[in-house]
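Welcome! Take a moment to look over the model below, and then we can walk through some of its salt bridges and open spaces together.

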Amino acid sequence: MRRLILTIAAFAIAVTASMAQDFQTGYFLQGYTQAYKLNPAKTPEKAFISLPGLGGVSVFSRGNIGLDNIIFPVSDGKLGFFTHPEVSSRQFLGGLKSTNRFTENFSTELLGFGFKKGPFYHTFDVSLRSIGGAKVPYELFKFLKDGIEDKISIPSMSLAEHAYLELAYGLSMKIGDMISVGGRVKYLMGILNANVGIDNLTITNNNGIWTVKGHTYGRCAYDGVEMKTKVDETGTRVIDRIDLNKLSGISGHGAALDMGVVLSMVPDWTFSASLCDIGGMRWRYAVNGRRDSEWVYDGDSEDLEDDLAKLLELEDVGAEKGFKMLPATLRLAAEWTKLSYVSFGILATRQFSNVPWTELRASANFKAGRVLGASVSAAVGSFGFNWGAAFNLDFKVINLHLGMDAIPTKFTPQYIPLGHCNLGASFGLTITI
């Protein structure tokens, strides 16, 4: 039983933590053409055309624990999972949080261009984005490591993922020499929205017989989903099988807005603020189930698969439509710009989502004429400490940026990164005019 739940939990963590947030280190990076996505008032210096699929690719993950909280060194120089007998409960559980959180963001720009006409700078881009997150409580890991004597209660745990196409038009302008304002309007076309979870899970041990109770739910919006149902022994219509076929259409529609401002009213200082992804999408959930379940496990492993299948048979409550907000992001920044070759900036970020997080990032930003821009940054926040680095090269007609927000610095002998699951990179190649 514990091994089975362990497998499910490990799969959920792997799916979410291995993926991946906008490129924070690029906020102050000279020549970075994608900065208008962080703050629509930050206008690119030249007109640009993004190469299809290469204009901006970002893959990031965030977590308040890491692989070294799950995998430990054991005898003979090998690594063992936290269930290994050589890994003590104190060693494993002491590194966990009350709620262990993971969030991911992946985006790639399929098409994009920007140009100035009169006092306005216009941008247009089409991007594919994927956002997800998971929450795993401390009590679940404690159960997986130590088991139970009498009874254990596990709070809610969940896993969510949604993907969509974003068509965005942006407009920015300068007001005098000291103020820049900008905004972007976005039309959203949903591809996938799925979430599953368990609330109020309790496991009671009565002389080796386990009684499991909990509220299970799950729903999925995907135009290629096909659901099969059946009637169980209680006369309830339940979800029997779900097939994901080839995507044939759009499963959700919505809109969002970005707003930003840049102020240069104080000598040698620039202040800026932005609020992005204000909006959401209306989805049609073709798969929609929930159930208050009770399951008795008597230790007979031959019946385990059938018993678990019954536990996961959610009552089909019918297709429904629902509105889901995007994870809006607030950024506040200040940059000291007195020196011509280097500036220093600080960026505070707050993302509002199912797994909300906060980050404070300081950076040093170097300039070598108009050709080279480079930034190094250090951040602390909800997911611990990390540091990043980036550079941008502008060769008149070709603009290239490459960087990371979270660079691993410590590894096991097997090259597994230590520390929180804060990984990710951004790459972009554009033609500038």
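## Salt bridges and spaces

Let us begin with Asp394, which is buried, with a relative accessible area of 11% (buried means under 20%, exposed over 50% and partly exposed in between, with a 1.4 Å probe and protein chains only). This is a predicted model, in which local features need pLDDT of at least 70 and side-chain atom pairs count only at pLDDT 80 or more, while totals for chains, interfaces and linings use all residues. Residues are numbered from 1 along each chain as its sequence is written, and side-chain values use heavy atoms, with hydrogens and water left out.

Asp394 has a salt-bridge partner, Lys46 (a salt bridge is a side-chain nitrogen of Lys or Arg within 4 Å of a carboxyl oxygen of Asp or Glu). Lys46 sits in the loop between H1 and E1 and Asp394 in strand E22, so this pair ties together parts 348 residues apart in sequence. Helices (H or I, at least four residues) and strands (E, at least two) are DSSP runs, numbered from the N terminus. Lys46 itself is partly exposed, at 28% relative accessibility.

| Pair | Closest N and O atoms |
|---|---|
| Glu45 and Arg370 | 2.9 Å |
| Lys46 and Asp394 | 3.2 Å |
| Asp146 and Lys142 | 3.5 Å |

Glu45 is exposed at 56% relative accessibility, and Arg370 is exposed at 63%. Asp146 and Lys142 both belong to helix H3 (residues 138–146), four residues apart, about one turn of the helix. A network of salt bridges also links Asp125, Arg129, Glu166, Arg184, Lys186, Asp258 and Asp277.

Now for the spaces. On a 1 Å grid over the protein atoms alone, a cavity is a set of points where a 1.4 Å probe fits but cannot get out, and a pocket is an open set with protein on both sides within 12 Å along at least five of seven lines; lining residues have an atom within 4 Å of a point.

Glu45 turns up again at the second largest pocket, where Glu45 is among the residues nearest the centre, together with Lys42, Thr43, Pro44 and Lys174. This pocket holds about 1100 Å³ of space and is lined by 41 residues. Strand E8 gives the most to that lining, with three residues.

The largest cavity has a volume of about 250 Å³. Its lining counts 22 residues, and Asp22, Gln34, Lys37, Ser58 and Ser107 are the closest to its centre. Strand E5 gives the most to this lining, with three residues.

Technical notes. Grid points are joined across faces, edges and corners, and a volume is the space filled by probe spheres set on the points.
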